[in-house]
Amino acid sequence: MLAAFNEFRSAEERADIAYKMGEKAKKGGTLGKAPIGYINTIDRIDGREIRSVELDEERAPLVRLAFEMYAAGDATLEDIQAELTDRGLRTRPTQRRPAGPVSVSKIHQMLQDPYYVGTITYKGDEYPGRHEPLIDRDLFDEVQDILASRGRAGERRRVVHHYLKGTLWCGACFRRDGSIRRMIVRRTISRSGDEYLRNRTCSTWPPTTPSRETRSGHACARSPPHGSGSLLSSQPPSKP
C-alpha cells in the first residue's frame with residue numbers, strides 16, 4: 001500500500017515538474033544549463049533572485065565561427081573541432097570535470113541546436129526565447145541543409161592514415177610546372193560496398209580510375225606518361 005502511494009506521489013511530482021518546465025518554455029525561459037556560448041547568470045534585486053542567460057564573451061565568437069566554417073562547405077566536423085581547439089575553445093569546468101576540448105559529437109550537436117537562433121525547444125515544440133540569438137536564421141538554415149546532405153552522403157573529407165602519406169612527392173608535377181605535391185590518400189567505397197584506399201601523388205594525375213585495386217585497401221598508381229620520368233620521389237624536389 002505504501003509503495004503504491006509513493007509511486008503515485010512520484011508521478012504527481014514528475015507531472016508538476018513537466019508542467020512548470022512547459023510553462024517556462026512558453027515564456028521563453030532557458031531550461032536548465034545554457035549551451036556553450038552562453039552563461040547562466042543570477043542577479044539579486046530588492047531581495048529577489050533574477051535568473052537569466054547572457055552571451056559568453058569568451059566562447060560565443062568561437063561558436064559563431066563554427067557555424068560560419070561549416071556553412072562555407074569546405075570544413076568537416078573534425079576540421080572545425082581542431083580549429084576551435086587551437087583557438088582555445090574549452091568546455092566550462094564543473095565540480096566533477098575540469099575544462100577540456102569540445103568533442104566532435106558536441107560540435108555536431110551544437111550545429112543542430114536552434115537555441116543559437118533564439119528558440120527554446122521543449123517536447124518537440126518551439127517557442128521564442130528571451131535570450132539573445134548568437135546567429136541569424138539564414139546561417140542556421142544553411143548549416144542544416146549541409147548537415148542533411150552530408151548525412152546522406154557522408155562528410156566530404158576524412159582523415160586517412162597511411163604509412164606512405166607525407167613521405168612521397170610527385171616528380172611528374174615538379175617537372176611539368178615546378179609544383180611540389182605530396183601523395184594524396186583517399187578512401188572510396190565501391191558499388192558492392194567494399195572499401196578501398198586510393199594512393200595518388202596529386203589531385204589531377206593519375207586519372208581517377210587507378211590501374212588496379214586490391215581488397216587489402218592499397219591502390220597502386222599508374223605508371224607516368226612516356227617520357228615524363230620517375231613519378232615518385234622519397235625526397236621533396238628542390239627548385240633550382
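Helices and strands are DSSP runs, of at least four residues for helices and at least two for strands, numbered from the N terminus.

**Figure 1. Overview of the predicted model of the protein chain.** In this predicted model, the secondary structure of the chain amounts to six helices and 10 strands. The protein chain has 240 residues, of which 35% count as buried. Among contacts in the chain with a separation of 6 or more, 46% are accounted for by residues 24 or more positions apart.

**Figure 2. Confidence along the protein chain.** The average pLDDT of the chain is 75, and 61% of the residues score at least 70. Which elements have the lowest and the highest mean pLDDT? Strand S9 (residues 219–220) has the lowest, at 32, and helix H4 the highest, at 96. Over residues 200–232 the pLDDT stays under 50, and for this stretch the model has 72 contacts beyond four places in sequence. Where pLDDT is low, the predicted coordinates should not be read in detail.

**Figure 3. The packing of helix H3 with helix H4.** Two packed helices are described by the angle between their axes and the distance between the axes. Helix H3 spans residues 77–86 and helix H4 spans residues 104–111; they pack at an angle of about 105°, with their axes 9 Å apart. H3 is therefore roughly perpendicular to H4. On the H3 side, the contact is made by Leu 77, Glu 78, Ile 80, Gln 81 and Leu 84, and on the H4 side by Val 104, Ile 107, His 108 and Leu 111. By residue class, the contact of H3 with H4 comprises six nonpolar, two polar and one charged.

**Figure 4. Gly 100 in the loop between H3 and H4.** Is Gly 100 buried or exposed? Gly 100 counts as buried because its relative accessibility is 13%, and buried means under 20%. Gly 100 and Arg 90 are 10 residues apart in sequence, and their C-alpha atoms are 5.0 Å apart in space. Beyond its neighbours within four places in sequence, Gly 100 is in contact with Leu 89, Arg 90 and Thr 91.

**Figure 5. Val 53 in strand S2.** Strand S2 covers residues 48–55 and includes Val 53. Val 53 has a relative accessible area of 18% and is therefore buried. Its C-alpha atom is 8.8 Å from that of Gly 29, although Val 53 and Gly 29 are 24 residues apart in sequence. When neighbours within four places in sequence are left aside, Val 53 is in contact with Thr 30, Ala 34, Tyr 38, Ile 39, Asn 40, Thr 41, Tyr 115 and His 131.

**Figure 6. Met 21 in helix H1.** Helix H1 runs over residues 2–26 and contains Met 21. Met 21 counts as partly exposed because its relative accessibility is 32%. Met 21 and Leu 31 are 10 residues apart along the chain, and their C-alpha atoms are separated by 7.0 Å. Not counting residues up to four places away in sequence, Met 21 touches Leu 31 and Tyr 122.

**Figure 7. Lys 123 in the loop between strand S3 and strand S4.** With a relative accessible area of 67%, Lys 123 is exposed. Most residues other than glycine have a negative phi. Lys 123 is not a glycine, yet it has a positive phi of about 55°.

Note on methods
Residues numbered from 1 in each chain as written. Predicted model: local features only at pLDDT ≥ 70, side-chain atom pairs only at ≥ 80, totals over all residues. Heavy atoms only, no water. Buried < 20%, exposed > 50% of the residue type's maximum accessible area, 1.4 Å probe, protein only. Contact = heavy atoms within 4.5 Å. Axes fitted to C-alpha atoms, helices over the stretch in contact; angles between N-to-C directions. Parallel < 35°, antiparallel > 145°, perpendicular 65-115°, else oblique. Nonpolar A, V, L, I, M, F, W, Y, C, P; charged D, E, K, R; others polar. pLDDT = per-residue confidence, 0-100.
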